[in-house]
Amino acid sequence: MAPALLVALLAALLSPSTQKSGVDWETATSSFGVGQLRIGEPSEAEAAAAEAALAAENAPAWRELWQASLEALRREPELNATAETIRAQLGSVAFLHCPVRHLAERQVSWVRRRDWHIISSGAFVYTNDERFQVLHREGSEDWVLQIKYVQKRDNGTYECQVSSSNGALSRQVHLQVVVPEALILGAEELHVDAGSAVRLVCLIENSPEPPQYVFWYHNARMINYDAARGVSVQTAAATRGSRTQSTLSVHRARPDHSGNYSCRAPNAEPAHIYLYVSEGSDKMAATLSRSAAATNYSETTHAVLFESVESLSLTY
């Protein structure tokens with residue numbers, strides 16, 4: 001029975017239909033005990049058919065990606081052209097925003113309108129001033145021009161631009177550099193008697209952010225911590241947008257307390273006041289000296305006016 005089965009298997013393997021199926025006769029083997037048949041590599045026709053089926057299966061994904069890319073290129077960029085005003089304190093950091101939609105492969109440029117200087121194109125900056133930098137996070141539509149350590153000369157209008165098929169789109173950002181100012185209440189001079197208590201009040205105005213400190217100076221010396229000389233300073237903590245107040249107190253004024261006092265805050269214009277401390281004859285001498293100076297100024301002014309009128313009358 002075994003020889004008959006062997007003959008039947010050989011006949012099946014040698015049949016024309018089996019030869020057309022693409023069997024590799026050099027590698028094909030059979031195991032009659034287990035009933036397995038190992039077939040070799042597929043034919044070229046079968047490989048081509050498999051590749052065609054795989055390409056047909058993946059074609060829709062490639063087509064969709066290609067169409068999406070074409071649509072993105074054809075889509076026009078959108079830029080909010082509404083002008084914006086940014087206030088930045090002297091010495092702080094300013095951020096100028098330019099939100100653009102559907103930018104695709106186009107570039108956003110920043111221009112300073114004062115001199116039409118091109119500051120940047122894309123992420124590249126075209127200035128030697130290292131305070132300027134372009135910030136753009138991947139996937140974001142906002143292109144931010146950052147200016148560090150803002151100075152007075154940075155005040156002005158900046159413009160972001162992007163090209164389109166209908167011409168250039170632009171958006172203006174007005175940068176206002178705010179300079180805080182110190183103000184000492186009262187006149188420019190203060191005259192007191194020796195032994196009197198002196199109280200000077202300084203206000204820091206026009207400061208979007210409260211100053212980190214307020215220093216008082218007597219001539220060129222900082223005296224915030226000069227308690228040994230009978231001087232004390234108190235600065236009230238201010239909230240954002242409010243005025244900062246600092247008070248200098250001299251408990252018993254002495255002649256050596258006389259001099260120029262200034263109130264200073266970071267990135268703020270300082271304020272000055274001159275203090276005169278007099279005792280006895282010194283006070284009278286100071287009063288007479290001021291009166292004499294005022295009289296001399298008045299007489300000099302009248303003399304100049306008289307000479308001017310006289311010369312005019314002689315001319316005519």
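Does H218 count as buried or exposed, and at what relative accessibility? Keep that in mind as we walk through this predicted model; the tour ends at that residue.

**First stop: strand β10.** Select residues 132–135, which make up β10. In a regular strand, side chains alternate between the two faces of the sheet.

**Second stop: strand β11.** To see how they line up, pick out F132, which stands opposite I147, and then Q133, which stands opposite Q146. Turn the view to look at the side chains of β11: V144 and Q146 point one way, L145 and I147 point the other way, and all of them are buried.

Bring in residues 94–96, strand β5. β5 also pairs with β11 in the antiparallel sense, this time over three bridges. Select L96 and look across to L145, its bridge partner in β11.

**Last stop: H218.** Move to strand β17, residues 215–218, where you will find H218. Back to the opening question: H218 counts as buried because its relative accessibility is 10%, and the cut-off for buried is under 20%. Show the surroundings of H218 and leave aside residues up to four places away in sequence: H218 touches I223, R229, D256, H257, S258, G259, N260 and Y261.

Methods:
Residues are numbered from 1 along each chain as its sequence is written. This is a predicted model: local features need pLDDT of at least 70, side-chain atom pairs count only at pLDDT 80 or more; totals for chains, interfaces and linings use all residues. Side-chain values use heavy atoms; hydrogens and water are left out. Buried means under 20% relative accessible area, exposed over 50%, partly exposed in between (1.4 Å probe, protein chains only). Helices (H or I, at least four residues) and strands (E, at least two) are DSSP runs, numbered from the N terminus. Two strands pair if DSSP finds at least two bridges between them. Contact means heavy atoms within 4.5 Å.
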